[in-house]
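Here is a briefing on one chain, sorted by topic. Look at the sequence and the fold before reading on.

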Amino acid sequence: MRVLRGHPWVFRSDIVRALDVAPGAVVRVEGPRDRHLGFAFYSSRSEIRLRVFERGETLPDSFLRDRIEAAVRWRETVAPG
């Protein structure tokens, strides 16, 4: 499984078990023996079913806000004003 080596994508052929999930949903990614691997966005239409965006054990409530704030700070350093 590529995601175990740090790859951010999980392909359709790599998924063993999936619940009924809406496209775009945030899902918990688990590996062999229910090992927690992180969190990902789910796509039912793409060959890339999961796009891992966080490898931590939990996903804080402020996750999205924190990421947006970090992106704004980065953009201000690249293209001020």
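This is a predicted model: local features need pLDDT of at least 70, side-chain atom pairs count only at pLDDT 80 or more, and totals for chains, interfaces and linings use all residues. Residues are numbered from 1 along each chain as its sequence is written, and side-chain values use heavy atoms, with hydrogens and water left out. The count comes to 3 aromatic pairs and 6 salt bridges.

**Strands S2 and S3**

- Strands (E, at least two residues) and helices (H or I, at least four) are DSSP runs, numbered from the N terminus.
- Strand S2 is joined to strand S3 (residues 36–42) by 5 bridges, and the two run antiparallel. Strands pair if DSSP finds at least two bridges between them.
- S2 and S3 make a hairpin with 5 residues between them. In the turn, Arg33 has a positive phi of about 55°.
- Val26 has Phe41 in S3 as its bridge partner.
- S2 shows two faces: Val27 and Val29 lie on the covered one, while Val26, Arg28 and Glu30 lie on the uncovered one.

**Aromatic contacts**

- Rings of Phe, Tyr and Trp (its six-membered ring) pair if their centres lie within 6.5 Å; planes under 30 degrees apart count as stacked, over 60 as edge-to-face and the rest as tilted.
- By this rule the chain holds 3 aromatic pairs. One of them is Trp9 with Phe11, edge-to-face at 6.1 Å centre to centre and 85° between the planes.
- Trp9 is partly exposed, because its relative accessibility is 37%. The classes are buried under 20% relative accessible area, exposed over 50% and partly exposed in between (1.4 Å probe, protein chains only).
- Phe53 and Phe63 make a tilted pair, with 5.0 Å centre to centre and 40° between the planes. This pair links distant parts of the chain: Phe53 sits in strand S4 (residues 48–54) and Phe63 in helix H1 (residues 63–78), 10 residues apart.
- Why does Phe53 count as buried? Its relative accessibility is 15%.
- Phe63 is buried too, with a relative accessible area of 12%.
- Phe41, Phe53 and Phe63 belong to one aromatic cluster.

**Salt bridges**

- Side chains of opposite charge can pair when their charged atoms come close. A salt bridge here is a side-chain nitrogen of Lys or Arg within 4 Å of a carboxyl oxygen of Asp or Glu.
- The total is 6 salt bridges. Among them is Asp14 with Arg2, whose closest N and O atoms are 2.9 Å apart.
- That pair spans 12 residues: Asp14 is in the loop between strand S1 (9–11) and strand S2 (26–30), and Arg2 is in the segment before S1. Arg2 counts as partly exposed at 32% relative accessibility.
- Arg17 and Glu30 meet in a salt bridge at 3.6 Å, N to O. Arg17 lies in the loop between S1 and S2 and Glu30 in strand S2, so the pair ties together parts 13 residues apart in sequence.
- Arg17 is exposed at 60% relative accessibility, whereas Glu30 is partly exposed at 33%.
- Arg67 and Glu54 also form a salt bridge, at 3.6 Å, N to O. It links helix H1, which holds Arg67, to strand S4, which holds Glu54, 13 residues apart. Arg67 is partly exposed at 42% relative accessibility.
- Shared partners join the salt bridges of Arg17, Arg28, Glu30 and Asp34 into one network.
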